[in-house]
Amino acid sequence: MDACRQRGHLITRKTCLGHGGENKEDRSIFPVRADGFPWEWSIFMSVISLIQIFDGGENIMLEFAPNTYMLEYQDGAYLCNGTKRVEAPLNLETLQEAVRQCPKLHTVSLDEVPFDDRCFPVLAQTPKLNMLALLRGRQIAGHGLELLKDLPLKDLFLQRTALDDEGLVQAAQIGKLENLYIAACHHVTPEGLLAISWRDKLRVSDTDMQDDEGLAGLFTEAERKAYEDAHTYKTMKNRISLDSPELQAPVHALREFFDDMNR
């Protein structure tokens, strides 16, 4: 038996597990570790442990295609590139496994998401992400969106989530973001909208065509105008310098006017 415990020794299954010291052999051979456990089985179990997701006590082996660039979730399964289905519950563990196995992901579209803002550290591991939809995520407040600020994310769909003003401010920090959809996100206030008026080249849409709630929008016309005016003013202020040659004449005239007023 001691010989069986030498690293790399090839033995049969029944030689190692035989009863009464008998050396009974079959035709299967396994390389054995120093502790007598077959290397082949050990490696196999290690691989399995990397892809097991526990759901209610059941082990689910997930296998996503490594060339997956678009990930959706429909009818109890992840859908890879619109074709391959991976049966699994929608939760943080399965999402993390999908991200780990799919380094080419650039589109993630999930509906009725059951998880909260803890999804953002997971999604931050997708360096090519340029479109993200977390629709009807009632626990998604957006606290963690700042983790995506360096990703090439251009379109962010957060309709009917629990997005609030802080989450909106963090979304505005995503450098490449061009379109932000927040219809029916009732925790976002006009003050929160004004707080991101500094952000250039960002279109914020507070309406959609899904239902009456989406059609109604979040803001009144006056509130939208206040945002647009603040956005325009801050954009012009950032772009136009008082030292610009075309402004020298009007600036000089204003200075003379105020000088005369002070005499």
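Author: Let us begin with a hairpin: that of β5 and β6 has two residues between its strands, and Asp75 takes a positive phi near 50 degrees there. Strands here are DSSP runs of E with at least two residues, numbered from the N terminus. This is a predicted model, in which local features need pLDDT of at least 70 and side-chain atom pairs pLDDT 80 or more, whereas totals for chains, interfaces and linings use all residues. Residues are numbered from 1 along each chain as its sequence is written, and side-chain values use heavy atoms, with hydrogens and water left out.

Reader: In which sense do β5 and β6 pair, and over how many bridges?

Author: Strands of a sheet pair through backbone hydrogen bonds, either parallel or antiparallel. Two strands count as paired if DSSP finds at least two bridges between them; β5 and β6 (residues 77-80) are antiparallel, over four bridges, and Leu71 stands opposite Cys80 in β6. By contrast, β5 (residues 70-74) runs parallel to β8 (residues 107-111), joined by three bridges, with Glu72 partnered by Ser109.

Reader: What is the strand order of the open sheet?

Author: The eight strands follow the order β7-β6-β5-β8-β9-β10-β11-β12, with mixed pairing. Because β7 (84-87) and β12 (203-205) each have a single partner strand, one side of each is left without a neighbour in the sheet.
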